[in-house]
Amino acid sequence: MRAGGLAAIAILLPIAGYAPAILRRKRLPPIYARAIAKMKFGKYSEAEREIIRELEKVRRRFEGC
């Protein structure tokens, strides 16, 4: 009986140790590559919309803005 409990602890302990790192999502900075590509093709209004979309994603992460 004790060997089963020890085996379970040996298996579950590393999983519990890595869980916080796995469950937290990484926050990515705004990505402007699409907007830059659209500007190079002369589609400035579409590029502006793309930049605004990226900034809105970042804005949601801050409180009080």
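1. Read along the sequence, the protein follows the pattern α-α-α. Its secondary structure comes to 3 helices and 0 strands; both kinds of element are DSSP runs numbered from the N terminus, helices being H or I with at least four residues and strands E with at least two.

2. On the source: this is a predicted model, in which local features need pLDDT of at least 70 and side-chain atom pairs count only at pLDDT 80 or more, while totals for chains, interfaces and linings use all residues. Residues are numbered from 1 along each chain as its sequence is written, and side-chain values use heavy atoms, with hydrogens and water left out.

3. Confidence. The mean pLDDT of the protein is 82, and 88% of its residues reach 70 or more; pLDDT is the predictor's confidence in each residue, from 0 to 100. Among the elements, helix 2 has the highest mean pLDDT (94) and helix 1 the lowest (80).

4. Burial. The protein has 65 residues, and 8% of them count as buried. Buried means under 20% relative accessible area, exposed means over 50%, and partly exposed is in between (1.4 Å probe, protein chains only).

5. Helix 1. Residues 2–23 make up this helix of 22 residues, which reaches 31 Å from its first C-alpha to its last, close to the 32 Å expected at 1.5 Å a residue. The expected span is 1.5 Å times one less than the number of residues. Helix 1 bends by about 35° at Gly17, and Pro20 follows within four residues; the bend is the angle between axes fitted to the seven residues ending at a residue and the seven starting there. Helix 1 is hardly covered, as the count of buried residues in it is 0.

6. The nonpolar patch. Tyr32, Ile36, Met39, Tyr44 and Leu55 form a nonpolar patch on the surface, with about 470 Å² of accessible area together. Patch residues have over 30% relative accessible area and no salt bridge; like charges are joined within 9 Å, and nonpolar side chains (Val, Leu, Ile, Met, Phe, Trp, Tyr) within 5 Å. Helix 2 (33–40) and helix 3 (44–59) each supply at least two residues of the patch. Met39, for one, lies in helix 2 and counts as partly exposed because its relative accessibility is 37%.

7. Lys38 and Glu50 meet in one of them (3.6 Å, N to O). That pair links distant parts of the chain, with Lys38 in helix 2 and Glu50 in helix 3, 12 residues apart. Glu50 counts as buried because its relative accessibility is 3%, whereas Lys38 is partly exposed at 25%. Arg53 also forms a salt bridge with Glu50, with the closest N and O atoms 2.7 Å apart. Both Arg53 and Glu50 lie in helix 3, 3 residues apart, about one turn of the helix.

8. Lys57 and Glu54 form a salt bridge (3.3 Å, N to O). Lys57 is partly exposed, with a relative accessible area of 40%, and Glu54 counts as buried at 9%. Salt bridges that share partners join Arg34, Lys38, Glu50 and Arg53 into one network.

Conventions: Areas by Shrake-Rupley, 256 points an atom, 1.4 Å probe, with all protein chains shown as cover. Salt bridge = Lys/Arg side-chain N within 4 Å of Asp/Glu carboxyl O.
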